[in-house]
Amino acid sequence: MNIAIIGAGLAGLTAANLLQAKGAKVRVFEKSRGVGGRLANKRLPWASLDLGAQYFTARDPRFRTKVAEWLRAGVVEPWSFSPYELCETGLRAREDGQTRYVGVPAMNSAAHELAENLDVRLNSRVERLLVANGQWHVVTGNDSTGDEARFDRVIVCLPANQSKALLHEYEIASRIPTEVHQACWALALATRGHVESDIKGFFGDDFVSWVSRLSSRPMRDSSAHWDDLWMLHFAGNWSEIQGKNTALDLVESGSQWLNRALSGYRSRPLTVVEHYSHFWRFARVIGQPLAQACIVDSDIGLAVAGDWVAGGRVEGAYLSGLAAAEQILTGL
Ligand SMILES: Cc1cc2nc3c(=O)[nH]c(=O)nc-3n(C[C@H](O)[C@H](O)[C@H](O)COP(=O)(O)OP(=O)(O)OC[C@H]3O[C@@H](n4cnc5c(N)ncnc54)[C@H](O)[C@@H]3O)c2cc1C
């Protein structure tokens, strides 16, 4: 069976991996230059930055089994620390008993491991999916691959809004919700100045909702140029309102906010020596999980998966990709 998978995030790669292991011929189409989707890592001359998910947790036994494999393969490691939270009087410890995992050396390492033996077509934005006589034709922006690109089944693994747009001509689109993802401004700051080593990550407020001390994570960069690397994720509501063209000076306001938040844990104000920002149009999921972990249309051999179908987060993406592959294997 020939299967096309659209999107090389964790959901798509998980589905592709399982299907290929069961003997299917799988091809993954990915619009960007690399795999991993929202487990994105950006290499800059001054640091390598995880821009999307900062860590993940594992509750479902199937995902825990996968995480155990990744641990053995050395592509993830626990990131052990007690998170803090910002309150009126400053930061206070917020022990939550969670085990947090990070990809090593970067968040997208597990995605790279999943993609290792797959036929992944990078720089291939899928613009249309056409079905005729039970065969799918995947139309990408950069080619028209003719007969070679005929598939028996398709799994679409994109954020909800992008899935709905791509599939607008099919009934399944009416089952895809909108407004399940919130936007997120991500701002990385490289700073000079000492901060107590206890502070590795903290929950913020309705301006900046989460801060990772990237430089405290396993196998991360160090540099003579900076003492610490921070990743600020601005709050979903705030990022939605600001949009991509925010008039706010993110670096200025983000660094002032960080300095205030850390005031009890630093000896002098931190100085920003490098920065990088990225706007995520579709970031975390705010909706509830759907009844099933993937959506299918058996009549036309189509499945839709992604974090948003299964409650969001890295774990949801994995479980949804798994469910879509299982549906294909059992004949949809
Ligand atoms: C800022 C931020 C913070 C987060 N924090 C956490 C966290 O702390 N913990 C946690 O567990 N999760 C977190 N997440 C969520 C987590 O990253 C996602 O749940 C998960 O990575 C989603 O995987 P996915 O495969 O469903 O989708 P994606 O990773 O979005 O994959 C979709 C892929 O499809 C590609 N694509 C899109 N359109 C097309 C097209 N037309 N043709 C071909 N390819 C296309 C995209 O380039 C992308 O690679 C965060 C996400 C963000 C952005």
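Reply: What follows takes the ligand site, then the domains, then some strands and backbone details.

Me: Before that, what kind of model is this, and how are residues numbered?
Reply: This is a predicted model, where local features need pLDDT of at least 70, side-chain atom pairs count only at pLDDT 80 or more, and totals for chains, interfaces and linings use all residues. Residues are numbered from 1 along each chain as its sequence is written, and side-chain values use heavy atoms, with hydrogens and water left out.

Me: OK, ligand. How many residues surround the ligand, and which are the closest?
Reply: The ligand is surrounded by 36 residues, and the closest are Glu30, Arg38, Tyr55, Val126 and Asp307. A residue is near a molecule if one of its heavy atoms lies within 4 Å of it.

Me: What lies 2.7 Å from an oxygen atom of the ligand?
Reply: That is a polar side-chain atom of Asp307. From the backbone, an N or O atom of Tyr55 lies 2.8 Å from a ligand nitrogen atom, and an N or O atom of Ala11 is 2.9 Å from a ligand oxygen atom.

Me: How much of the ligand's accessible area does the protein cover?
Reply: The protein covers 94% of the 1000 Å² that the ligand has on its own. Accessible areas here come from the Shrake-Rupley method with a 1.4 Å probe.

Me: Which elements give two or more residues to the shell?
Reply: Helix 1 (10–21) and helix 7 (313–329) do. Helices (H or I, at least four residues) and strands (E, at least two) are DSSP runs, numbered from the N terminus. Helix 7 gives the largest share, three residues.

Me: And the shell by class?
Reply: The shell has 18 nonpolar, 11 polar and seven charged residues. Ala, Val, Leu, Ile, Met, Phe, Trp, Tyr, Cys and Pro count as nonpolar, Asp, Glu, Lys and Arg as charged, and the others, Gly among them, as polar.

Me: Switching to domains. How is the chain divided?
Reply: Into domain 1 (2–54 + 109–177 + 291–329) and domain 2 (76–106 + 182–280), with bounds from an automatic or database domain assignment. Their C-alpha centres lie 30 Å apart. The contact between them (heavy atoms within 4.5 Å) takes 16 residues from domain 1 and 26 residues from domain 2.

Me: Where is the ligand relative to the two domains?
Reply: Domain 1 and domain 2 both give residues to the shell around the ligand, so the ligand lies between them.

Me: Now strands. What do strand 3 and strand 4 form?
Reply: A hairpin, with two residues between them. Strand 3 (residues 41–44) and strand 4 (residues 47–50) run antiparallel and are joined by four bridges; two strands pair if DSSP finds at least two bridges between them. Leu44 has Ala47 as its bridge partner, and Arg43 stands opposite Ser48.

Me: And the order in the open sheet of three strands?
Reply: The order is 10-11-12, with antiparallel pairing. Strand 10 (126–132) and strand 12 (150–151) are the edge strands, each pairing on one side only. Strand 10 is joined to strand 11 (residues 135–140) by six bridges, and Leu130 stands opposite His137.

Me: Which residue lies in the loop between strand 10 and strand 11?
Reply: Asn133 is in that loop. Its phi is near 50 degrees, a positive value in a residue other than glycine.

Me: Last one: is the peptide bond from Val104 to Pro105 cis or trans?
Reply: The bond is cis, with omega near 0 degrees. Pro105 is in the loop between strand 8 (101–103) and helix 3 (109–115).

Key. Polar contact = N/O pair within 3.5 Å; in protein donor to acceptor, adjacent residues only side chain to side chain.
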